[in-house]
Protein chains: 2
Amino acid sequence: MKSDLPELMRRRNLDALMISCPDGLAPVNTAFRYFIGSAHVTHGHILIIRRGHEADLDCVLAHTAMERDEAARSGLRLHNLSQYDMREIYRSVDGDRLEAQVELIRRLFGDLGVRGRVGFYGLDERGAAYLLLDALAKAGFVEVVVEYENDILSEARSTKDAAEVAHIRQACQLTEQVIGATREFLRSHRIRGETLIRPNGEPLTVGDVKAFIRREEASLGLEDAGCIFAIGRDAGVPHSVGTASDVIQLGRTIVFDIFPRLPSGYHADITRTWCLGYAPDEVWQAYSLVQEVHDHVEGMLDSRRPSWEYNELACDLFEARGHPTPRLTPGTTEGYVHSLGHGFGLAVHEAPSMRLKALTGHDAPLPAGSVITNEPGLYYPDKGWGVRLEDDYWLNSDGSVERLTTFDRALVIPLE
Amino acid sequence: MKSDLPELMRRRNLDALMISCPDGLAPVNTAFRYFIGSAHVTHGHILIIRRGHEADLDCVLAHTAMERDEAARSGLRLHNLSQYDMREIYRSVDGDRLEAQVELIRRLFGDLGVRGRVGFYGLDERGAAYLLLDALAKAGFVEVVVEYENDILSEARSTKDAAEVAHIRQACQLTEQVIGATREFLRSHRIRGETLIRPNGEPLTVGDVKAFIRREEASLGLEDAGCIFAIGRDAGVPHSVGTASDVIQLGRTIVFDIFPRLPSGYHADITRTWCLGYAPDEVWQAYSLVQEVHDHVEGMLDSRRPSWEYNELACDLFEARGHPTPRLTPGTTEGYVHSLGHGFGLAVHEAPSMRLKALTGHDAPLPAGSVITNEPGLYYPDKGWGVRLEDDYWLNSDGSVERLTTFDRALVIPLE
């Protein structure tokens with residue numbers, strides 16, 4: 001969590017972090033959102049984090065004059081970037097935009113007293129990232145430090161403090177309202193044969209349901225991040241988001257996986273599987289097994305157990321009933337085909353994860369403070385179905401586990 | 001436009017482009033969206049573009065098995081990444097994740113016959129981008145080419161073909177429906193004193209209006225990208241998105257700048273300024289001048305004129321009436337405080353732009369095929385107001401200019 005950063009910086013011997021990203025990407029630049037929250041600073045911003053006294057962090061948001069109001073909403077110390085005369089800087093480097101950026105950073109670091117070992121974070125275009133960091137390293141006014149995956153911010157973000165969990169808890173509650181409203185929306189339709197029918201007499205489609213979902217999200221103040229609403233064969237392909245023209249029919253599995261975020265950037269990530277009216281026997285059986293695995297994993301959650309134990313257990317249980325798994329059949333597209341769960345927060349997928357032992361490569365546990373999903377599933381696209389059940393949890397520092405999602409798991413939605 | 005890519009690749013002596021980004025960022029990775037459209041491929045994808053015969057491009061989308069349905073929606077040639085055994089790859093590099101990624105790319109390039117000079121594009125975390133490109137360069141199986149800004153994709157995207165403009169035209173039409181619905185929503189409220197009142201007797205706030213806007217966008221199938229709905233003093237700060245608790249009152253300027261996108265990724269970008277009931281004299285005068293500048297610029301649009309001429313003209317006109325401008329007063333926060341316009345498409349801001357001569361550094365025109373905004377404004381936050389007027393245009397290759405936005409410019413919204 002954020003309070004770990006001074007210690008994480010000390011361990012990496014980092015004097016400062018610089019976080020920025022191209023114009024307009026701030027809302028999805030999770031490194032930036034981690035510090036600025038829901039402020040809409042989008043252009044020309046640079047965030048500087050330094051170790052302060054003891055466990056303190058000194059965060060300075062350098063922003064353009066045009067964005068001063070939004071910058072102020074961040075609550076951080078501010079520094080006006082518009083004081084640097086970009087025209088003079090361009091002239092001083094013969095119009096070279098890369099050199100101009102290096103010169104701007106040199107002046108900014110000079111004014112803020114940033115020196116020593118500086119880590120660089122945030123999204124950028126690949127080529128621009130490479131050339132800027134290379135040029136900064138050659139300019140030599142600070143020592144450029146870079147990390148590949150599992151960087152300091154990922155490590156900090158892999159555990160959440162109470163304030164972050166409050167956001168995630170709220171995102172989960174609102175998302176469950178969307179799920180409930182969607183179920184009621186489905187139930188409100190007439191039936192003709194095996195098909196749900198809209199008031200205008202046309203069949204209800206996946207596209208219609210998704211439009212309803214987006215309206216519900218907007219009404220509740222959630223930012224849409226897409227969702228999976230996949231029926232029948234599509235439900236058998238875990239990341240198929242569903243086919244807009246597919247008609248909603250009785251007795252077919254619907255995998256509904258929804259992961260919107262609050263304006264603060266924090267997501268929920270919840271999946272329910274539904275069958276309207278009735279469910280075929282083999283779907284019942286598969287969903288019962290998925291629930292059994294889900295319950296086993298939930299009961300095991302513990303911040304001392306190696307993180308691969310959960311997925312190995314899931315494979316044990318699925319294989320015992322004859323389902324293919326990635327452990328025995330890498331690349332399988334039938335049976336249990338993905339990993340068991342993942343951390344989430346400002347990103348829908350972030351550290352830690354519950355992978356197979358062979359893919360984990362260490363015995364570290366899910367750390368205390370992590371927020372994770374538990375989402376076993378079974379998929380048989382050629383038989384026309386798939387099922388998944390996904391709930392969210394916070395592993396408290398006191399060893400207890402808080403389940404963040406409570407929506408009922410009923411497979412069949414009864415219709416009148 | 002896309003059809004320029006073979007020639008742009010030839011000029012840069014590039015044999016192939018590789019485009020990818022971290023999991024989950026595909027929807028905002030414009031380099032990727034440029035080729036895959038509205039397909040929801042989000043995890044572990046790699047796009048390879050090669051020069052084919054003559055003016056052809058050979059595009060291959062390498063995707064994981066889990067995403068095969070969404071990958072197929074792209075219409076591109078597919079290559080299954082799940083055929084590479086990541087467990088064996090990890091073992092072969094002693095679990096080093098960076099080396100494993102290099103090895104995956106080596107095998108992929110080998111199987112697809114990618115060799116020679118390869119340009120790397122797409123978003124990534126800064127450090128990861130640097131280390132991956134550095135490791136690929138050292139591995140030496142291709143020559144790594146990187147570009148800083150104005151890269152080959154920016155250059156291609158700075159002009160739009162008819163298919164892209166069809167998307168943008170539709171985005172503009174739907175966005176104008178949202179603007180119209182928002183005006184009607186405002187007009188539907190009762191007035192108490194100088195304040196709009198909701199049916200429940202509470203004052204209408206900026207937050208209420210934004211919630212309405214998000215619902216309207218969702219109903220029309222537009223993806224929200226945030227918007228500016230700023231009243232009074234906030235309207236005087238161009239990038240203030242507005243304060244949710246601000247009450248909607250008569251006679252105060254409202255700057256409403258909205259830029260949602262279609263599921264295909266193409267944005268609109270439109271601004272209107274409104275005063276409810278009446279407008280103060282100085283606001284009338286300022287808005288008239290802004291309209292005058294706007295009309296002048298619109299009349300000048302021509303794909304032969306240096307792109308800086310428009311903004312210089314705007315400064316001429318504003319300065320003649322005594323308003324500060326960035327040309328005379330760099331960093332000013334009063335008067336005309338930003339540049340005149342910018343290209344847009346898959347991003348809200350992209351090439352080309354209409355900057356001041358001193359910031360442009362060349363005499364190139366707005367190219368034929370570009371889609372740009374024209375958005376002069378005047379801002380006096382300390383006086384409690386700001387005004388801006390923004391329309392969108394396509395500069396056709398035949399020399400004509402198509403205006404993409406038609407919403408009326410009336411400043412005052414009459415109330416009953």
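Visitor: In S6(B), which residue is the bridge partner of A:Glu125?
Guide: B:Leu123 is the bridge partner of A:Glu125. Keep in mind that this is a predicted model.

Visitor: In what sense do S6(A) and strand S6 of chain B pair, and over how many bridges?
Guide: The two strands pair in the antiparallel sense. Three bridges join S6(A) to S6(B). Strand S6 of chain B covers residues 123–125.

Visitor: Zooming out, how many residues of chain A are in contact with chain B?
Guide: On chain A, 67 residues are in contact with 66 residues of chain B.

Visitor: Which elements of chain A each supply at least two residues of that side?
Guide: The helices are H3 (68–73), H4 (86–92), H5 (97–112), H6 (126–139), H9 (206–219) and H12 (357–360) of chain A. Strands S5 (117–121) and S6 (123–125) of chain A are also on the list.

Visitor: Which one gives the largest share?
Guide: H6(A), with seven residues of the side that touches chain B.

Visitor: And how do the residues of that side divide into nonpolar, polar and charged?
Guide: The side of chain A that touches chain B has 29 nonpolar residues, 19 polar and 19 charged.

Visitor: New topic. Into which domains is chain A divided?
Guide: Domain 1 is 2–156 and domain 2 is 158–413. Their C-alpha centres lie 36 Å apart.

Visitor: How many residues of domain 1 of chain A are in contact with domain 2?
Guide: Ten residues of domain 1 are in contact with nine of domain 2 in chain A. On the domain 1 side, helix H2 (30–36) and helix H7 (152–157) of chain A give two or more residues each. H2(A) gives the most, with three.

Visitor: What is that side like by class?
Guide: The side of domain 1 of chain A that touches domain 2 has one nonpolar, six polar and three charged residues.

Visitor: Over to chain B. At what angle do the axes of H8 and H9 cross?
Guide: The axes of H8 (162–187) and H9 (206–219) of chain B cross at roughly 140°. They come within 10 Å.

Visitor: Why are H8(B) and H9(B) oblique to each other?
Guide: Roughly antiparallel needs an angle over 145 degrees. The crossing is at roughly 140°, so H8(B) and H9(B) count as oblique. The crossing is right-handed.

Visitor: Which residues make the contact?
Guide: H8(B) uses B:Val178, B:Ala181, B:Thr182 and B:Phe185. H9(B) uses B:Val209, B:Phe212, B:Ile213, B:Glu216 and B:Glu217. By class, the contact of H8(B) with H9(B) has six nonpolar residues, one polar and two charged.

Methods: Residues are numbered from 1 along each chain as its sequence is written. Chains are lettered from A and ligands numbered from 1 in the order in which they are written. This is a predicted model: local features need pLDDT of at least 70, side-chain atom pairs count only at pLDDT 80 or more; totals for chains, interfaces and linings use all residues. Axes are lines fitted to C-alpha atoms, for helices over the stretch in contact, and angles run from 0 to 180 degrees between N-to-C directions. Helices (H or I, at least four residues) and strands (E, at least two) are DSSP runs, numbered from the N terminus. Angles under 35 degrees count as roughly parallel, over 145 as roughly antiparallel, 65 to 115 as roughly perpendicular and the rest as oblique. A crossing is left-handed if the near helix is turned anticlockwise from the far one by less than a right angle, and right-handed if clockwise. Two residues are in contact if their C-beta atoms, placed from the backbone, lie within 7 Å. Ala, Val, Leu, Ile, Met, Phe, Trp, Tyr, Cys and Pro count as nonpolar, Asp, Glu, Lys and Arg as charged, and the others, Gly among them, as polar. Domain bounds come from an automatic or database domain assignment. Two strands pair if DSSP finds at least two bridges between them.
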